[in-house]
Amino acid sequence: MSKWRRLLLVNLTAPVAALVFAFAVSSIALLISGNSPITAFARMWEFGTRLDSIVSMVNKAVPLYLSALAVAIGFKMGLFNIGVEGQYRLAAVVAAAAGAAVTLPAPLHILLIIAVAMAVGGVWSGIAGLLKVTRGVHEVISTIMLNFIAFNLGAYLFSNYFRERAEEGGAGVQIPKTPEIPESGRFPSLNPLVEAFGFELRPGLSLQGFVIIAIIVGILYWLVVNRTRFGFDLRASGINAPAAQASGVNAKRMVVRAMVLSGAVAGLVGLSPLLGFFYRYTLDFETGLGFTGIAVALLGRNHPAGMALGALLFGFLSRSSQILDLEGIPPEVVVIVQGVVVLSVVVAYEVVERMVRRQEARAASQVMGDQPQGPAPAEAAT
Amino acid sequence: MSVSPDAVSPPRRSLLDRLGPRWAVLLLGAAVVLAILSTVRLITDSQALTSSGTAAAALRLAVPIGLAGLGGLYSERAGVVNIGLEGMMILGTWFGGWAGFEFGVWWGVAFGVLGGALGGLLHSIATVNFGVDHIVSGVAINILAAGVTRFLSVVVLTDLPGGGATQSPSVTGDIGSASVPVLAGGDIFGWRSPDVLGAIEDSGVFFFADLAGLLRGVLGGLSWLAVIALALVPFTWWFLWRTPIGLRLRSVGENPYAAESLGVRVYTMKHLGVIVSGALAGLGGVFLVVESAGIYKEGQTAGRGFIGLAAMIFGNWKPTGTAMGAGVFGFADALQLRSNDAVHGLLLFIALLAALGVFGFLIRRRLTPAGIMALMGGGFLLWFLQTDSVPNEFIAMTPYVVTLLVLAFATQRLRMPAADGLQYRKGESG
């Protein structure tokens, strides 16, 4: 079997099979709850493919994609950064406060906010990297712990230092929030682009400009991983750490660098909604993007294009499910799709890969002819 | 085979080991800690620090953490890392809340345990049979459990009286509780026995009042579910370290290929460990529903599965250590709920504990650690003197900081199962 055919088989069969399985499971869930899966999915498709929905889907996909990229950087070298969740939330609250505290000319202001967010994320996951290389603490455990420390630290900073104080002495309930980021710190939307194509968006909706940053980071990720010395060292350490070390890769430095880089990208996750929509950090700032990012990275197998598709799929699901409420169908059914897809996609990759390997072994044994000696090829290959 | 029950602990003798038998050292340590706590109570005049009310609350908060931790123990002893404890706990809360309302509280317990075990089964099929990375599967289960319960809530709970999209109606029935007679004022066949510990606690005498307070909190008004949870600690030790099946389960976590060569059914053992793990996490979830809230609420577990994992690591993958870790984390939680004064007093407690550590290091002439410790202790003393309250967020992050510190500075003392988290495929050893 040619290399390409094999790649295509593994990388396409598995996610498709997993998706089919996930939709089957959620169909059963819908049937049991007395709803028609066909109506549900048909309505979702019809609603989800409208222009407004597509814009909204892209907006939702951007943070997920960045989160997946952050996770993938770690994966590439065999590190599991579960801490994206804590890194982006801490970064978002600090960046929101920093962005509101200063006034600068537009591009500088945005750059400053981005730099602050990346620095916070990088430092926070760098702690896990340092703990790993100096004290041998496994990064999964340390990033889990750092997640919870980050949530609480973020909450502490927010309620004691960052939140907007009630000034005019006005009574009434005030929702805790950071001061608003001035105009110069907001990321411009891409609405002019949409309109240039002759489309009209409903008022209040805009295609967030941060999608450009996500695309740039995705391309950079591909370039760095596949076309630089650093990326080569990264992948080599991930595939065979002792061999990489023997060939002169400084393993410890690579761990810290990979973690810092991963965290820096994680810092960007919250910026898309922050700079493109809310302009401030509030208590109901979206959570869970870090964990969903892990799912997207698994779905896309750490490939920049695959992860982009995964992020768009998740964005589509969460957007299109909103219509289900009108039909009296619980929109939460898509959470089942997402949860099942994560688990089944890894199982599917595993199964397909085993199948391909066995097939190759069989093919190889046929080419070799029927030599009587030698072990059963199918067994030897697994 | 290299894995015998006692080969696990290395024969490294430290200063502590030379003091006497292990239990005596532990007892002495506990007494010293209690004496310091008592001193702090007298200095800061915060009675809540060691009152029976605090102890009771600490126990109530520690039990779910401890159950999750014990759950993690079964799984990791069988060589499967279980990050999915949180998700299994969530399943436990939902099924516990729903069945607790529909059929009564004990059915709730049974269903919660089953729900958690179901999560465990999923994890074990994915990791053991399909060879999925343990962490990946665990993360997926956490995501899946949150999704499934949300969906189930919308479908099932919204139609029930008092239920909604994020919560169940009240659990019906009562678990029942008991107090130990004579010591904590329990009844013996309707006769109200004296409350000896209560009397001592009220006296306020140094050390004894504190001891009595803590004991009374644990012995009085104890729910049957808590009794079961407490009994599970020695049971786990006995099961894993003193029965043939426990030995097999642990051997699978240490060296599955060696176990396989001796005829141990490795897959079965791993499945067993992970399913029991889920069941215990589920029980922890039910405990939250039944004892703390009386209903299922979305987000009720609030990361306790992860704290349980932390407690297990803190406890060096051993039942008593896990229980102690859960106790410490529960105690910090309870103080936060009951009195900020007492939490503030804890700063002084840490400072005094550090002073003791400095003393210990000085005896052994280890100047650098002594210096670091002195600096830390001084910092906490300064913090204590300069402020009069501790932000709640800092208390909430304590378990995680403590675990990180333990991992960073006591790694030589920690020993996880040798094949924990590694992939095993039948017949691969060649």
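Modeller: Two residues are in contact if their C-beta atoms, placed from the backbone, lie within 7 Å. The model is predicted. By that cut-off, 33 residues of chain B are in contact with 37 residues of chain A.

Biologist: Which elements give two or more residues to the side of chain B that touches chain A?

Modeller: They are α6 (134-156), α13 (304-314) and α17 (392-409) of chain B. Of these, α6(B) gives the most, with 13 residues.

Biologist: What makes up that side of chain B, by class?

Modeller: It divides into 25 nonpolar, 6 polar and 2 charged residues.

Biologist: Now α4(B) and α6(B). Why are they called roughly parallel?

Modeller: Their axes are 7 Å apart and meet at an angle of about 15 degrees. Angles under 35 degrees count as roughly parallel. Therefore α4(B) and α6(B) are roughly parallel to each other. The crossing of α4(B) past α6(B) is left-handed.

Biologist: Which residues make the contact of α4(B) with α6(B)?

Modeller: From α4(B) come B:Glu86, B:Gly87, B:Met88, B:Ile90, B:Leu91, B:Trp94 and B:Trp98. From α6(B) come B:Ile141, B:Asn142, B:Leu144, B:Ala145, B:Ala146, B:Thr149, B:Leu152 and B:Val156. By class, this contact has 11 nonpolar, 3 polar and 1 charged residues.

Biologist: How do you know that the span of α4(B) agrees with its number of residues?

Modeller: Helix α4 of chain B covers residues 85-103, which is 19 residues. The expected span is 1.5 Å times one less than the number of residues. That should give 27 Å, and the end C-alpha atoms are 26 Å apart, which agrees. Just after α4(B), B:Gly104 takes a positive phi of about 110 degrees.

Biologist: Why is α4(B) called largely enclosed by the rest of the structure?

Modeller: A residue is buried if 20 or more other C-beta atoms lie within 10 Å of its own. In α4(B), 17 of the 19 residues are buried, so this helix is largely enclosed by the rest of the structure.

Biologist: What is the relation of α3(B) to α9(B): roughly parallel or roughly antiparallel?

Modeller: Helix α3 (residues 52-77) and helix α9 (residues 224-242), both of chain B, have axes that come within 10 Å and cross at roughly 25 degrees. The cut-off for roughly parallel is under 35 degrees. Therefore α3(B) and α9(B) are roughly parallel to each other. Their crossing is left-handed.

Biologist: What makes that contact?

Modeller: On α3(B), B:Leu59, B:Val63, B:Gly66, B:Leu67, B:Leu70, B:Leu73 and B:Arg77. On α9(B), B:Ala226, B:Ala229, B:Leu232, B:Thr236 and B:Leu240. The classes are 9 nonpolar, 2 polar and 1 charged.

Biologist: Why is A:Val333 called buried?

Modeller: A:Val333 has 28 other C-beta atoms within 10 Å. Buried needs 20 or more. So A:Val333 is buried. Its place is in helix α15 (residues 333-367) of chain A.

Biologist: Which residues does A:Val333 touch, not counting residues up to four places away in sequence?

Modeller: A:Ser26, A:Ala29, A:Leu30, A:Ala40, A:Ser321 and, in chain B, B:Phe151. The C-alpha atoms of A:Val333 and A:Phe23 are separated by 9.7 Å, though 310 residues apart along the chain.

Biologist: Why is B:Ile372 called partly exposed?

Modeller: B:Ile372 has 15 C-beta neighbours inside 10 Å. Buried takes 20 or more, exposed 12 or fewer, and partly exposed lies in between. So B:Ile372 counts as partly exposed. B:Ile372 is found in helix α16 (residues 367-386) of chain B.

Conventions: Residues are numbered from 1 along each chain as its sequence is written. Chains are lettered from A and ligands numbered from 1 in the order in which they are written. This is a predicted model: local features need pLDDT of at least 70, side-chain atom pairs count only at pLDDT 80 or more; totals for chains, interfaces and linings use all residues. Axes are lines fitted to C-alpha atoms, for helices over the stretch in contact, and angles run from 0 to 180 degrees between N-to-C directions. Helices (H or I, at least four residues) and strands (E, at least two) are DSSP runs, numbered from the N terminus. Angles under 35 degrees count as roughly parallel, over 145 as roughly antiparallel, 65 to 115 as roughly perpendicular and the rest as oblique. A crossing is left-handed if the near helix is turned anticlockwise from the far one by less than a right angle, and right-handed if clockwise. Ala, Val, Leu, Ile, Met, Phe, Trp, Tyr, Cys and Pro count as nonpolar, Asp, Glu, Lys and Arg as charged, and the others, Gly among them, as polar.
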